Amino acid sequence: MRVLGPGLSARLLLPLWFPLQPRRPPGPQLSSGPVAAAGALQRAMDELLRRAVPPTPAYELREKTPAPAEGQCADFVSFYGGLAEVAQRAELLGRLAQGFGVDHGQVAEQSAGVLQLRQQPREAAVLLQAEDRLRYALVPRYRGLFHYISKLDGGVRFLVQLRADLLEAQALKLVEGPHVREMNGVLKGMLSEWFSSGFLSLERVTWHSPCEVLQRISEAEAVHPVKNWMDMKQRVGPYRRCYFFSHCSTPGEPLVVLHVALTSDISNNIQAIVKECPPSETEERNRIAAAIFYSLSLTQQGLQGVELGTFLIKRVVKELQKEFPHLGAFSSLSPIPGFTKWLLGLLNSQTKEHGRNELFTDSECKEITEITGGPIQETLKVMLSSSEWVKSEKLVRALQAPLMRLCAWYLYGEKHRGFALNPVANFHLQNGAVMWRINWMADSSLRGLTGSCGLMVNYRYYLEETGPNSIAYLGSKNIKASEQVLSLVAQFQKNSKL
């Protein structure tokens, strides 16, 4: 029996995954006004960074220089923990990125040395050492700070939260520029090493798992929110599996969570998974023919871009194959975030161009206009921004064909630097999955209707083909798609003109 009821949150009863740092004044506490206080805080930041960021030793002394005192790095952690405002943390991170990066003078000098040696016949060892000097010069100073912080108790946790703050500050445009992007890349690379698959443990969640774990997974669910404890019980009960990765430094703490439905065929509707009760309380193995990955959630935003989700899917597939050797079908049932926004953008641009219509056929325009009673672009812009349109069965039927082909083009044809624009599509295609089936009215929730017009997509994992598919996508940007998807794309190319 659970201690907490459906309406009671355990948020106040559980320790935060990232312990609060001891608070201390970030700088002199002045009473002479906000401008003076801001100046004092900036001076305190500069002094802290000069003291806490270890200097880069000369190349010859790189292995002989003692580590900085633990207190120096702890001072940075403590000071940072005392900054309550997002803007203050962004200011400190911006100063760190701008002032403690790579010594460009050293890089130029070492680069010139390498080029000079390449033009002269020298022993390989001499050139290799010159290249090593160049690599050493390319390491930013703040990397040393991050390295030594990681050795502190709770240091890796702190750096994960620091990167989450950095990503938030970038999204809010509180810090921008190449130096900040470079520091984010350096920190992401370090976290990718610390959170590689060898340091991760796979754990299955059941209704008998610790209450704190269930609560944390419930709160972290970003795709299909958990309503109450009974909802959570169903998601870890019969015909369902829930797994997460934890790190060796924090066993039992979920980092990324994958929910799986065990079904008789590849699901085309999410409500059938998250709302309907399973066929029975006891699993019948002969009813299980497919594993559907219907939710993948990252619990720590600071780990964005670290390949935890890819590793987790691969490990879960192996676990399921052990449990169900006969299991033959593995597929996602994925949302399509951004589709409605993309479609509304097209409708808006065509409205501005004096009612130009290049999305719908003449017969579709006539039918939709008769149902809505107004100009197609203006009316659909209003209706698709809410969930009201699904109340009309005639309109739902009339929109099915055009929205299906528009969605197919959005997933298959809209690109960012040659790769799929949609982030969920890009993730699964990188993993080697096939864009297998687009499903109409697959998510009737408010989020599903307003975010993707109720559409969802299956990315199917043919295990023997994932390797070649991934190579083809990452190398040649080729998307492997089913006949259904390609047929819808062809219909778009025939009936819609962008």
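Me: What share of the 498 residues of the protein counts as buried?

Reply: This is a predicted model, in which local features need pLDDT of at least 70 and side-chain atom pairs count only at pLDDT 80 or more, while totals for chains, interfaces and linings use all residues. Residues are numbered from 1 along each chain as its sequence is written, and side-chain values use heavy atoms, with hydrogens and water left out. Buried means under 20% relative accessible area, exposed over 50%, and partly exposed in between (1.4 Å probe, protein chains only). Of the 498 residues, the buried share is 47%.

Me: How many helices and strands are there in the protein?

Reply: The C-alpha trace spans about 75 × 65 × 60 Å along its principal axes. Helices (H or I, at least four residues) and strands (E, at least two) are DSSP runs numbered from the N terminus. The protein has 20 helices and 9 strands.

Me: Among contacts between residues at least 6 apart in sequence, what percentage joins residues at least 24 apart?

Reply: Contact means heavy atoms within 4.5 Å. Among contacts between residues at least 6 apart, the share joining residues at least 24 apart is 76%.

Me: Which residues does Leu411 touch, not counting those up to four places away in sequence?

Reply: Leu411 lies in helix H16 (residues 393-412) and counts as buried because its relative accessibility is 0%. Leu411 and Ile438 are 27 residues apart in sequence, with a C-alpha to C-alpha distance of 9.7 Å. The residues touched by Leu411 are Ile336, Ala420, Asn422, Ala425, Met435, Ile438, Val457, Tyr459 and Ile479.

Me: With which side chain does that of Arg460 make a polar contact?

Reply: Arg460 is placed in strand S9 (residues 456-460). At 3.4 Å, the partner of Arg460 is Tyr462.

Me: Which parts of the chain does the salt bridge of Arg241 and Glu323 tie together?

Reply: The side chains of Arg241 and Glu323 meet in a salt bridge at 2.6 Å, N to O. Arg241 lies in strand S2 (residues 240-247) and Glu323 in helix H12, so the pair ties together parts 82 residues apart in sequence. Arg241 counts as buried at 2% relative accessibility, whereas Glu323 is partly exposed at 26%. The parts tied together are thus S2 and H12.

Me: By about how much of a helix are Glu91 and Arg95 separated?

Reply: Glu91 and Arg95 form a salt bridge (2.6 Å, N to O). Both are partly exposed, Glu91 with a relative accessible area of 30% and Arg95 with 23%. Because they are 4 residues apart in helix H3 (residues 86-99), the separation is about one helical turn.

Me: How many residues apart are Lys480 and Glu465?

Reply: The closest N and O atoms of the salt bridge between Lys480 and Glu465 are 3.5 Å apart. Lys480 sits in the loop between H19 and helix H20 (483-495), and Glu465 in the loop between S9 and H19, so the pair links distant parts of the chain, and the separation is 15 residues.

Me: How many salt bridges does a search of the whole structure find?

Reply: The search covers the whole structure. The count is 18.

Definitions and conventions. A polar contact is a pair of N or O atoms within 3.5 Å; within protein, one must be able to donate a hydrogen and the other to accept it, and residues adjacent in sequence count only if both atoms are side-chain atoms. A salt bridge is a side-chain nitrogen of Lys or Arg within 4 Å of a carboxyl oxygen of Asp or Glu.
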